[in-house]
Amino acid sequence: MLKKQTLKWLFLFVLMALVLVPLLMLFAGSFMGLEEVIEKVGPVLGGNSKTMAKVFLLPDYPTLRPYVELLLDSPAFFVMFWNSIKLVIPILIGQILVAVPAAWGFAKYHFKGKKVLFTLYIALMLMPFQVTMVSNYLVLDTLHLLDTRMAVILPAVFSTFPVFIIYRFFKGIPEALLEAAAIDGANPLQTFLYVGIPMGAPGIAAAMMLGFLEYWSMLEQPLTFLKDKSLWPLSLYLPGISTNDAAVSLAASILILIPPLLVFLLGQKYLEQGIQAAGLKE
Amino acid sequence: MKRLWRILRKKQNFICPNKTNGICLKKINGSMIPILFIAPSLIGVSIFVLIPFADVLKKSFFTSNGETFVWFHNYFTVLHNDAFRLAASNTVKFAAICIPLLVVISLLLALFLNTINKYRDMGKSVFLLPLAIPAASMVLIWKLFFHENGLINGWIEGLGGGSIPFMTSNAAFWVLIGSYLWKNMGYDMILWIGGLSSISLDLYEAASIDGADKVQQFFFITLPNLIGVLFMIFVLSLLNSFKVFREAYLVAGEYPHTSMYMLQHLFNNWFTALDIEKLSAGAVLMALVIFTLILILKRLWGEGD
């Protein structure tokens, strides 16, 4: 029995290593100076078809130069970093304000057309951006919101995905609790605020985590709706990579992934709950 | 406040069967209250999604300046458009290949993790990690792996084979699939683990007693109980498969190799070219297909509410 378990552990570690190798390379590469990057990665960027790129898990000549360059020398990076924050935080706040009551309404009440409306919400959740791209653009244009932060924030606030996730959590709250609250004289609003939200807090946390991961790396919306580059978020920083910037771009990649990574590590439990809420019948 | 609630409640006409302390315990059917809760979301969704989409629907029947009514002409144009056909077939091909692949691999992973006691949580964290990594961060690494002079070709050549030009050939397709699998394996795995944990262990015990071996237990207990989960995993994986456009766009730009050219690329390019006629017809078509797919899946798997 012991031997079998050890074999399984070994296999697990191999799998985990495979998953982690790309990340480790990214991490290692970010500490390399420009010359080393060109030597190891350059063949891939410059079109020099003679040499091959090389594997690396540890830099040969570690240096902090790319990070220094990035953090101290590139104002663009900071501007975009704050742009990302200024987009993601309002989106999440807005989603809480809009999606939580909506999820409550769907979960705890029955009304005519609820099923139809909810199916519509699910369908909207699944539509890729490109389908609603045109319509979004036209509305934002009519509202004169194009090229402002609101062009990205507002449509995202009304996304139906958090409604769905939080709905699942609210559904799990026993009716008996609500009835007890009613007996104690709570009106619907109070029931919602003092029973629903506290009990549904894990769900709200889960939706927010998933939302953060999603909007921190969103690409299509800012690309389409924000023509003014000074408003671009961090996720759009990397597309224009040349060999000269290679070292810096590796360091940038690492810095960009730190916030979502932190969110992930702090709230992995909620993330798992959120994922399961989206997928499983309670 | 109390008067306001009473006025709102008066809208409905049912007889309250259970009155305790003067408060009605029956669920409030048909009253205005749920509408109030849903209102902000509904209003926003209408403004930003539903109404504009109706407008796009209308536009799809006109020429781009909106003056001439052209019936289904735009739809015909789109359906006969070579780029559309290529993109549509690629998108379908991608979904048809990578979703089953992902579903099966993540199931195997989940089953495997369930049999390990000690490092299970670590395994979960590691496999879930790629989900937290922004697509932009991984682009350089994918280029590194899959370029003509990249790492994988380096290994292949080291072993004596010929290098595969990943990004400029049909293999580009597999690059996309690889990055999709890496990113979403953990996601689906968590779903499977949740599904597996809801199967009562008593069932397995009873089956063992009746003489069923592990394989039989898998096929006759585990699988049937997972069908409900399968529907949602399928739907969510489908949703995530559309997001793969991000990686493709970042790695290969607006006009990648033909095998990677998906509907999102096409719409994006039509958008840049301001081709409203094709865009609106295409968007309506795609929405119809996805909507139908959801309805079919719902019917098939009977996903209750």
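Helices (H or I, at least four residues) and strands (E, at least two) are DSSP runs, numbered from the N terminus. This is a predicted model, in which local features need pLDDT of at least 70, side-chain atom pairs count only at pLDDT 80 or more, and totals for chains, interfaces and linings use all residues. Residues are numbered from 1 along each chain as its sequence is written, while chains are lettered from A and ligands numbered from 1 in the order in which they are written.

**Exercise 1. Determine the secondary structure of chain A and of chain B.**

Solution. Begin with chain A, which contains 13 helices and zero strands. Along the sequence its pattern reads α-α-α-α-α-α-α-α-α-α-α-α-α.

**Exercise 2. State what share of chain A is buried, and which residues of helix 9 of chain A are buried.**

Solution. The criterion comes first: a residue is buried if 20 or more other C-beta atoms lie within 10 Å of its own, exposed if 12 or fewer, and partly exposed in between, with C-beta atoms placed from the backbone. By this criterion, 46% of the 282 residues of chain A are buried. For chain B, the share is 38% of 305 residues. Helix 9 of chain A, residues 161-171, is mostly covered, with 10 of its 11 residues buried. The buried residues are Phe161(A), Pro162(A), Val163(A), Phe164(A), Ile165(A), Ile166(A), Tyr167(A), Arg168(A), Phe169(A) and Phe170(A).

**Exercise 3. Describe the largest nonpolar core and the surroundings of Val139(B).**

Solution. A nonpolar core is a set of buried Ala, Val, Leu, Ile, Met, Phe, Trp, Tyr and Cys residues joined through C-beta atoms within 7 Å. The largest one has 150 residues, and those with the most contacts inside it are Ala103(A), Ile166(A), Val139(B), Trp142(B), Leu176(B) and Ala248(B). Two residues are in contact if their C-beta atoms, placed from the backbone, lie within 7 Å. Leaving aside residues up to four places away in sequence, Val139(B) touches Leu238(A), Leu250(B) and Val251(B).

**Exercise 4. Characterise the packing of helix 4 and helix 12 of chain B.**

Solution. Axes are lines fitted to C-alpha atoms, for helices over the stretch in contact, and angles run from 0 to 180 degrees between N-to-C directions. Helix 4 (residues 82-114) and helix 12 (residues 263-272) of chain B pack at about 145°, and their axes are 7 Å apart. Helix 4 of chain B contributes Ala83(B), Phe84(B), Ala87(B), Ala88(B) and Thr91(B), and helix 12 of chain B contributes Leu263(B), His265(B) and Leu266(B). For classes, Ala, Val, Leu, Ile, Met, Phe, Trp, Tyr, Cys and Pro count as nonpolar, Asp, Glu, Lys and Arg as charged, and the others, Gly among them, as polar. This contact has six nonpolar, two polar and no charged residues.

**Exercise 5. Locate His144(A) and Asp147(A), and decide whether each is buried, exposed or partly exposed.**

Solution. His144(A) lies in the loop between helix 7 (129-142) and helix 8 (150-157) of chain A. Asp147(A) is also found in the loop between helix 7 and helix 8 of chain A. Although not a glycine, His144(A) has a positive phi of about 60°; Asp147(A), likewise not a glycine, has a positive phi of about 70°. His144(A) is exposed because it has 10 other C-beta atoms within 10 Å. Asp147(A) counts as partly exposed because it has 14 C-beta neighbours inside 10 Å.
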